[in-house]
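Here is my note on the model you passed along. Please read it with the coordinates open.

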Amino acid sequence: MAQQSILLLSGQAGWAGRVLSWRDHFDAHACASAEEARALLTGSRPWAVVLIDGADHGADRDLIALARQAGARAVVVGAPPVSVDWLGLGAHAVLHPEFGPQEVFSVLAADQSDGPSLPAPHSLLCVTGPGGTGASTVAVALGQGLAGRAGHVLLADLRRHAELHALHHLDADGPGIDDLVQAHRTSSPDPLTLSELPPFVPRGYRLLGGLRRAVGWSSLRPRALAAAIHGLRAAYDVVVCDIDPDLEGEAEGGSFDVEERNALARVAVANATGVVVVGGPGAKGTHSLLRVLGEFWSHGVKPERTVVVVNRADRLSLDRLGVALGQLGARDAATICLPELDLETHLLSGAPLPGAFVDPLTDAVLPLLAERPPSAAPPAPQRIAPGSLGLRRTGDHEG
């Protein structure tokens with residue numbers, strides 16, 4: 001059977017018609033859009049080569065990764081000068097639009113590499129908790145404390161409803177995660193550039209704003225998002241991420257849309273050195289805190305890589321939490337309590353938060369930075385077997 005290729009076309013792709021005429025060499029199929037190409041690559045038909053028009057707006061890191069995951073050679077076609085480092089984004093080759101069948105055969109005969117090498121990443125901490133527990137304020141405090149003791153620090157807002165810009169009195173339209181992910185679709189920004197892009201705040205760290213609109217999650221390509229997080233880890237000594245407490249994915253709930261909605265939190269946790277979970281006092285606070293801890297631990301976060309924070313703590317809440325953690329077999333989780341302090345004045349003025357709030361948090365997370373676990377690889381999409389749609393899959397989540 002003839003080898004097969006899939007073509008991503010645009011109005012300027014004159015080479016496409018030429019390839020379609022090579023019936024003696026290839027069984028070629030022309031796609032009118034990147035969306036059609038993605039649908040075919042996740043189907044059951046095998047492809048040997050994916051020819052991607054480098055001028056098409058759908059040509060990006062995610063399409064190349066999808067081609068590689070389908071077992072195909074990802075080849076970008078573009079006339080010099082080529083402004084995008086396609087090989088750095090994972091393409092097997094870049095061909096001039098006047099290429100012939102022999103160039104395609106040469107790509108097929110070449111050894112298939114595992115893709116570009118990436119710089120060694122640094123630490124990433126996730127901060128989360130049920131609503132109203134002060135998790136975002138704890139993230140601010142960690143940014144401040146680590147900036148004085150762990151080097152160059154970034155505080156990143158990865159919540160769907162971003163609010164850290166409001167706590168810092170910054171414009172919501174400033175540099176945000178949307179821009180960063182978009183930049184990583186077709187490039188790999190230099191770490192030095194990333195380290196200087198977000199604004200510097202008086203507490204000693206830089207701040208990366210969140211989504212401009214909560215529905216912005218739908219435009220985040222998964223591979224570009226994973227590359228953006230990796231880029232931040234290469235640019236900063238520590239990245240502190242304020243994330244939502246929801247990690248549900250397709251494996252847990254059967255919905256890929258839910259998994260994409262939670263992608264910011266899921267990718268951050270998959271790359272996390274440690275996770276800080278913040279809860280409130282009282283029976284309700286303890287119950288909600290244990291629920292979030294259980295979900296994160298079932299997702300693969302290890303208790304010994306977890307710091308449990310009880311905000312505005314009382315003695316009864318700590319005793320109740322200690323008993324519950326013992327029953328869960330999670331005595332390795334570090335537990336600290338924070339006093340009830342009036343932080344509103346500090347937040348409104350932009351002044352540093354008091355040491356009584358910052359120092360216990362910083363002391364608790366520093367041991368997590370001393371010995372980092374291996375970096376998690378971005379999750380690879382799984383090929384869907386014909387007739388399996390609607391069935392629950394297991395074992396394909398990050399972490």
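1. Confidence. This is a predicted model. The mean pLDDT over the protein is 85, and 86% of the residues reach at least 70. Where pLDDT is low, the predicted coordinates should not be read in detail.

2. Overall make-up. The protein has 399 residues, and buried ones make up 50% of them. The secondary structure consists of 16 helices and 12 strands. Take the contacts with a separation of 6 or more: 74% of them join residues 24 or more positions apart.

3. Largest nonpolar core. This core holds 45 residues. Cys126, Leu158, Ile177, Val239, Ile243 and Phe296 touch the most other members. Which helix gives the most to this core? Helix H9, residues 222-235, with seven residues.

4. Cys126 and the second core. Leaving aside residues up to four places away in sequence, Cys126 touches Cys241, Ile243, Ala268, Val269, Ala272, Gly274, Val275 and Val276. A second core is separate and has 33 residues, including Leu207, Ile336, Leu361 and Ala364.

5. The whole structure contains 14 salt bridges. In one of them, Arg45 pairs with Asp27, and the closest N and O atoms are 3.1 Å apart. Asp27 is in strand E2 (residues 26-31), while Arg45 is in the loop between helix H2 (34-41) and strand E3 (49-53), so the bridge ties together parts 18 residues apart in sequence. Buried or exposed, or in between? Arg45 is partly exposed at 31% relative accessibility. Asp27 is also partly exposed, at 33%.

6. A buried pair. Arg159 and Asp242 form a salt bridge with an N to O distance of 2.9 Å. Asp242 belongs to strand E9 (residues 238-242) and Arg159 to the loop between strand E7 (153-157) and helix H6 (164-167), so parts 83 residues apart in sequence are tied together. Asp242 counts as buried because its relative accessible area is 0%. Arg159, at 13%, is buried as well.

7. The Arg160 bridge. Asp244 meets Arg160 in a salt bridge at 3.8 Å, N to O. The cut-off is 4 Å. Arg160 sits in the loop between E7 and H6, and Asp244 in the loop between E9 and helix H10 (250-253), so this bridge ties together parts 84 residues apart in sequence. Asp244 is buried, with a relative accessible area of 14%.

8. A network. Some salt bridges are linked: Arg38, Asp60, Arg185 and Arg221 form a network.

9. The cavity. How many cavities of 30 Å³ or more does a search of the whole structure find? It finds one. The largest cavity has a volume of about 40 Å³. Its lining is Leu158, Arg160, Asp244, Asp246, Arg261, Asn262, Leu264 and Ala265. Two of these names have come up as a pair: Asp244 and Arg160 form a salt bridge.

Definitions and conventions
Residues are numbered from 1 along each chain as its sequence is written. This is a predicted model: local features need pLDDT of at least 70, side-chain atom pairs count only at pLDDT 80 or more; totals for chains, interfaces and linings use all residues. Side-chain values use heavy atoms; hydrogens and water are left out. pLDDT is the predictor's confidence in each residue, from 0 to 100. A nonpolar core is a set of buried Ala, Val, Leu, Ile, Met, Phe, Trp, Tyr and Cys residues joined through side-chain atoms within 4.5 Å. Buried means under 20% relative accessible area, exposed over 50%, partly exposed in between (1.4 Å probe, protein chains only). Helices (H or I, at least four residues) and strands (E, at least two) are DSSP runs, numbered from the N terminus. Contact means heavy atoms within 4.5 Å. A salt bridge is a side-chain nitrogen of Lys or Arg within 4 Å of a carboxyl oxygen of Asp or Glu. On a 1 Å grid over the protein atoms alone, a cavity is a set of points where a 1.4 Å probe fits but cannot get out, and a pocket is an open set with protein on both sides within 12 Å along at least five of seven lines; lining residues have an atom within 4 Å of a point. Grid points are joined across faces, edges and corners, and a volume is the space filled by probe spheres set on the points.
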